[in-house]
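Trainee: I have a new structure open and would like to go through it. Can we talk it over piece by piece?

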Amino acid sequence: MIIGFLNEKGGVGKTTLVTNLGRAFQRRGRKVLLVDSDPQGSLRDWLAMAGENHDFPPMIAMDKPAMMKDLKSVAGQYDLVLVDGCPKSMQMMAATITVADLIVIPVQPSGFDLWAANSVVEMVKQRQEVTDGKPKAAFVLTRKISNTKLAGEAETALADLALPILKSGTTQKIAYAVAASNGKSVFDTESASAAVKEIEAIASEIEEFCG
């Protein structure tokens with residue numbers, strides 16, 4: 001199964017989700033491949049920071065639209081392929097949507113992020129119209145701030161876009177930044193139990209959503 005994490009806007013938590021969910025699924029016994037589709041190479045930088053002796057899932061770079069056509073043949077060797085989407089490139093997003101089984105759209109509870117999600121939603125729905133509803137797609141709220149109304153307001157706004165919203169999401173936790181800066185996941189970081197619970201909940205919901 002190929003899962004693309006897409007949003008036209010950068011900084012919404014795509015790489016954070018890919019690195020940590022990749023580790024979560026790996027710990028559940030899944031054979032996982034990570035794909036960096038962003039020429040800026042955030043995922044590659046993270047893996048390089050991990051060093052040579054890491055035990056994270058393998059990663060490949062596919063940062064040109066034409067390269068995405070080969071992903072399905074590569075994906076057959078794995079249980080799950082997680083694609084770290086490229087922001088600000090409609091061609092790369094469209095290429096990912098074409099090969100994906102599921103599109104996860106990370107959105108922070110802010111107006112700018114909600115507006116940026118529209119382009120991905122439109123492309124997904126166009127693809128679904130000609131492929132009998134595939135790929136599946138869902139929003140996930142990221143970097144929510146506890147005890148604010150923003151998350152609820154964001155969910156209300158996203159409901160108008162007529163795609164499911166995962167019940168789970170991430171909140172503003174320093175553990176994510178600490179893990180990323182050290183080439184780790186929250187599963188490999190001390191004092192990250194709350195973040196681990198968030199990622200585990202998202203992983204479980206994605207498994208349930210995919211059936």
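Mentor: What follows is a walk through some helices, a cavity and a few single residues. Keep in mind that this is a predicted model.

Trainee: Rings to begin with. How many aromatic pairs are there?

Mentor: The count comes to one aromatic pair. Its rings belong to Trp-46 and Phe-56, with centres 4.8 Å apart and planes at 40°, so the pair is tilted.

Trainee: Why tilted?

Mentor: Planes under 30 degrees apart would count as stacked and over 60 as edge-to-face, and the rest are tilted. The planes of Trp-46 and Phe-56 are at 40°, so they fall in that remainder.

Trainee: Which parts of the chain does the pair tie together?

Mentor: Trp-46 is in helix H2, residues 42-50, while Phe-56 is in the loop between H2 and strand E3 (59-61). The pair therefore ties together parts that are ten residues apart in sequence.

Trainee: Trp-46 and Phe-56, buried or exposed?

Mentor: Trp-46 has 5% relative accessibility and counts as buried. Phe-56, at 10%, counts as buried too.

Trainee: Back to H2. Which of its residues are buried?

Mentor: Leu-43, Trp-46 and Leu-47. Looking down the axis of H2, these buried residues fall within an arc of 95°, so they line one face of the helix.

Trainee: And what do they pack against?

Mentor: The buried residues of H2 pack against H1, strand E2 (32-36), E3, strand E4 (80-84) and H7. Just after H2 comes Gly-51, which has a positive phi of about 85°.

Trainee: You mentioned H7. Which residues are buried there?

Mentor: H7 covers residues 174-181, and its buried residues are Ala-175, Tyr-176 and Ala-179. Down the axis of H7 they fall within an arc of 100°, so they line one face of this helix.

Trainee: What does that set pack against?

Mentor: Helix H1 (14-27), H2, strand E7 (165-171) and helix H8 (193-210) are what the buried residues of H7 pack against. There is a glycine just after H7 as well: Gly-183 takes a positive phi of about 65°.

Trainee: Which residues line the largest cavity?

Mentor: The lining is made of Thr-16, Thr-19, Asn-20, Trp-46, Tyr-176, Ala-179, Ala-180 and Lys-184. H1 and H7 are the elements that give two or more residues to it.

Trainee: Staying with H1, where does Arg-23 sit?

Mentor: Arg-23 is in helix H1. With 9% relative accessibility, Arg-23 counts as buried.

Trainee: What is Arg-23 in contact with?

Mentor: Leaving aside neighbours within four places in sequence, Arg-23 is in contact with Asp-55, Phe-56, Ser-185, Phe-187 and Asp-188.

Trainee: Which lysines lie over rings?

Mentor: Lys-31 lies over the face of Tyr-78, at 5.2 Å from the ring centre. Lys-136 has its charged end over the ring of Phe-209, 5.7 Å from the centre of that ring.

Trainee: New topic, the backbone. Where is Pro-135, and what joins it to Lys-134?

Mentor: Pro-135 is in the loop between helix H5 (111-130) and E6. A cis peptide bond joins Lys-134 and Pro-135, with omega at about 0°.

Trainee: What about strand E6 itself, say Leu-141 and Arg-143?

Mentor: Leu-141 lies in E6, residues 136-144, and at 3% relative accessibility Leu-141 counts as buried. Arg-143 is found in strand E6 as well, and its 30% relative accessibility makes it partly exposed. Arg-143 also has a positive phi of about 55°, although it is not a glycine.

Trainee: And Ser-191, what is its phi?

Mentor: Near 60°, a positive value in a residue other than glycine. Ser-191 lies in the loop between H7 and H8, and at 78% relative accessibility Ser-191 counts as exposed.

Technical notes: Residues numbered from 1 in each chain as written. Predicted model: local features only at pLDDT ≥ 70, side-chain atom pairs only at ≥ 80, totals over all residues. Heavy atoms only, no water. Phe/Tyr/Trp six-rings, centres within 6.5 Å; stacked < 30°, edge-to-face > 60°. Helix = DSSP H or I, 4+ residues; strand = E, 2+ residues; numbered from the N terminus. Buried < 20%, exposed > 50% of the residue type's maximum accessible area, 1.4 Å probe, protein only. Lys NZ or Arg CZ within 6 Å of the ring centre and 35° of its normal. Arc of directions from axis to C-beta. Contact = heavy atoms within 4.5 Å. 1 Å grid on protein atoms, 1.4 Å probe; cavity = no way out; pocket = protein on both sides within 12 Å on 5 of 7 lines; lining within 4 Å.
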